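This report walks through selected features of the backbone, the packing and the chain contact. Please keep the sequence and the structure in view while reading.

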Amino acid sequence: MASGEIIVKGGFIIDPTRKIDGDVGDVAIRDGKIVDKVSSSAKVIDAKGKIVMAGGVDVHSHVAGPKVNAGRLMRPEDKLLSGFCRSGMAQKNGYRMESGFSIPSVFKTGYDYARMGYAFVMEAAMPPLLAPHTHEEIHDTPIIDEAALPVFANNWFVMEYLQKGEVENTAAYIAWLLKVTKGYGVKVVNPGGTAAWAWGLNCLSLNDPVPYFEITPGEIIKGLMAANEYLGLPHSIHVHQNNLGNPGNYPDTIASLKLAEGIKTRNKFGREQVLHSTHLQFHSYGGEGWKDFCSKAKEVMDYVNRQKNITIDLGCVTLDETTTMTADGPFEHHLHGLNHLKWTNVDVELETAAGVVPYIYDKNVLPNAIQWATGLELALFAKDMNRTFITTDHPNAGPFTRYPRVIKWLMSKKAREATLATMKNTDKVIAATYIHGIDRELTLFEIAQMTRSGPAKCLGLSSVYGGLAPGMSADVGIFDLNYKNMPGDAEKIETAFQRAACFIKSGEVVVKDGEVVSNGHKKTVWVKVKMPENPQVTRDVSQAFHQGTYTVDIRNYPVREYLAPHQSIIDVNVEA
Amino acid sequence: MATVTLNPTKVPELIFEGYSINPDAFAGKTAAQIAALPGHEGKIHVTIGDFFSVSGDAGATAAETDIVIAGDCSRVKYIGSKMTAGTVIVNGNADMYVGGWMKGGKIHIKGNMDSFCGIQMEGGELLCDGNAGNHVGCAYRGDWRGMKGGTIRVKGNAGNDIGTFMLGGTIIIEKNAFIHVSTHAEGGTVIIKGDVEGRVGGQMVKGEMYVLGKIKFMMPGYKKVDTVEKEVDGVRATFDHYIGDLGERHPKSKGQVVYANLYLKAAA
């Protein structure tokens, strides 16, 4: 671990946690933490004329686990022309080979995030049964700190408890599952719909009954939200709503968001929201079919701006060839029917499912172009950037390596118009979206809120990540941009954020001039809930394993210590 | 026109990945510069000069550059891959990926060539006097976008997986082929002048296939619709016309369902 002292000198500091916007100053680092000052022998890194931000925090990205790996296995062609396959430099310097574009290898994932100055990434959907594998992949991803959200919303235990209205038992089950899977929080993916998929069905609205379980998606979301607040977890429930990706789905989206109305948060981590709505772009569509498909970003954001106890991330379409993968099994089958490309489906007993289909977002295909505009509009209509986060739902709407391009589009109207002008159906895209009429250009401060302070707060991690206050983890990115001249040349924004001039992670320089110079010291973050024993849940879980409902023995279910060797544990105490 | 001659001097211990052996990489370079062009042997960086002596400078552009390899390249991969113009002649055998992803120009292999020749080819001509291995003009592993254009002519036999996921262009096998012809194809033409073991046109959506010999095992998804007389690559004959693969999805054009067509030479 880094023990040396470092001082980053003379950069334009952008730190929304302390409301610092472009002041020229220094950042001092000692023992992997930010400190007030360091001795004169500290290593000096010159940041003059460049901007200095905290390490990035990604609230939602699919970077480890069985479905990511299914995607890698299914798409050898994704690696073919992916660049640094056998980079001589990497070999010489002792780094690992990198491959893949939309589903990069674990090494490329860690290196690319570091090159972009990201310090923390949340794996957005971990099937509990396959948590050991997920943790092995997380451990093999260098540099970045990671955590994973186990999926709960199609879990048989959860649906049975909530069907009987047993929030406390649900909470006890969540606490147990977070402990055995070393998970971080409660992910909700197509609540009820993925369970229905086992019967070849789906749940498209909040009131569609889940077969066998006699519960509705709305009841699952409400129940999990109550259980999450009962426990006081650092993160809120993290929701992928029903009816993803379909024209005219925005009323269902708003109906799901409304479930948070009147719910109060209860936690000790500084989190203010009770529901995080993820990849909102996929849920903000109007029209009755693909012919009159249109953006409803304004309608959705009008609601989000009013409702203060929810946060969102964008899920921006980046107009690339990518690989979609989600625990929303029925959606992937539906997508395969639309594009006829190869499809993988996985069922995870008692818990969840997953599907994988390659997809090409083509700027000349009208619905894709409208999706592109919708994602950006959500950010441009947002009033509180501390509740609005940049994601591409990697790799679903595009690879995470396109965040710098998304930032470029958000910061420069000229860049948006330039992309719009190259489309085949420019006029039709303009007619079906709002983007052409929006002049707003986000500032670097707002970008820092959306990629640093905001997501850290939403995850309950604001004491560690997302800011440059003394005591926080020394994750510091230096980007070659002139604060005084923004947006300036939009292309420069993309280049600067793609390859940090320097990135310090946990007090150690890991990237210099856009190249990785160290494999860093990554950590796996998870949440350990201490609460009184719940005999009912203990018995139910033990029965499920002993009666053979699960195909594995309970002794083989938990993530063993050696699979997550560098843990950072967040304790949560629940009193009886 | 300028001719660059490569004389093999050493047989690679592993396989030499000669991805720089194409007129586009050579264009505008002297013999010495060409010898310094990169390649891989396993994970080790090597140069063309490690395995060949180079004589003659290249032309200013790819179109003005002819490459002659005066000997065997059984352990050299990627000859002429991604080329856009000019010519490559190999006086012997070639290893895998000859003319892969090529867009133009002409390649002539005077011996045999190994698998994956002409994969995802978009244009140009690939001629082989001997036999070809497997995956002639098919898609890269996992990819659903196969050969789009150009011509591949193999004067001998070919192995399996010919024109998989083919979208356009022409493949001619003058002798026999093994299994899997035009699997998943959505366009293009494959002509087999000899016999085929089987699995011709499985899951094929669109495109043409001609077999002038026999098909030992016919796919069950093909239905004979009529008998036609046609001229194919200089041969005039009567063909039984089949459509298929009936088990696969098919697009509609002007209200008519479009099938793949298989023309099998009628028994005399």
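Axes here are lines fitted to C-alpha atoms, for helices over the stretch in contact, and angles run from 0 to 180 degrees between N-to-C directions. Helices (H or I, at least four residues) and strands (E, at least two) are DSSP runs, numbered from the N terminus. The model is predicted, so that local features need pLDDT of at least 70 and side-chain atom pairs count only at pLDDT 80 or more, while totals for chains, interfaces and linings use all residues. Residues are numbered from 1 along each chain as its sequence is written, and chains are lettered from A and ligands numbered from 1 in the order in which they are written.

## A helix pair in chain A

Two packed helices are described by the angle between their axes and the distance between the axes. In chain A, helix α6 (residues 156-163) and helix α7 (residues 167-181) have axes that come within 8 Å and cross at roughly 160 degrees. That angle makes α6(A) roughly antiparallel to α7(A), given that angles under 35 degrees count as roughly parallel, over 145 as roughly antiparallel, 65 to 115 as roughly perpendicular and the rest as oblique. The crossing of α6(A) and α7(A) is left-handed, a term used if the near helix is turned anticlockwise from the far one by less than a right angle, with right-handed for clockwise.

On the α6(A) side the contact is made by A:Phe157, A:Val158, A:Tyr161 and A:Leu162, and on the α7(A) side by A:Asn169, A:Thr170 and A:Tyr173; two residues are in contact if their C-beta atoms, placed from the backbone, lie within 7 Å. Sorted by class, the contact of α6(A) with α7(A) has five nonpolar, two polar and no charged residues, where Ala, Val, Leu, Ile, Met, Phe, Trp, Tyr, Cys and Pro count as nonpolar, Asp, Glu, Lys and Arg as charged, and the others, Gly among them, as polar.

Which residues of α12(A) are buried? They are A:Gly329, A:Pro330, A:Phe331, A:Glu332, A:Leu335 and A:His336; a residue is buried if 20 or more other C-beta atoms lie within 10 Å of its own, exposed if 12 or fewer, and partly exposed in between, with C-beta atoms placed from the backbone. The buried residues of α12(A) pack against α8 (193-197) as well as β15, β16 and β17 of chain A. Just after α12(A), A:His340 takes a positive phi of about 60 degrees.

## Strand pairs

Two strands pair if DSSP finds at least two bridges between them.

| Strand pair | Bridges | Facing residues |
|---|---|---|
| β15(A) and β17(A) (residues 352-360) | six | A:Met325 and A:Val356 |
| β20(A) (residues 502-505) and β21(A) (residues 508-512) | four | A:Lys505 and A:Glu508 |
| β21(A) and β22(A) (residues 515-516) | two | A:Lys512 and A:Glu515 |

β20(A) and β21(A) form a hairpin with two residues between them, and A:Ser506 in that turn has a positive phi of about 50 degrees. β21(A) and β22(A) likewise form a hairpin with two residues between them, where A:Asp513 in the turn has a positive phi of about 50 degrees.

## Backbone details in loops

A cis peptide bond joins A:His394 and A:Pro395, with omega about -5 degrees, and A:Pro395 is placed in the loop between β18 (388-389) and α14 (403-411) of chain A. Another cis peptide bond joins A:Met486 and A:Pro487, with omega about -5 degrees; A:Pro487 lies in the loop between β19 (476-479) and α18 (490-498) of chain A.

Is A:Lys19 buried or exposed? A:Lys19 counts as exposed, because it has 9 C-beta neighbours inside 10 Å. A:Lys19 has a positive phi of about 55 degrees although it is not a glycine, and it lies in the loop between β1 (6-15) and β2 (20-30) of chain A. In chain B, Phi of B:Asp161 is near 55 degrees, a positive value in a residue other than glycine. B:Asp161 sits in the loop between β11 (151-154) and β12 (170-173) of chain B and is buried, with 24 other C-beta atoms within 10 Å.

## Contact between the chains

10 residues of chain A are in contact with nine residues of chain B. On the side of chain A that touches chain B, α2 (77-80) and α3 (88-93) of chain A each supply at least two residues. The residues of that side of chain A divide into four nonpolar, three polar and three charged.
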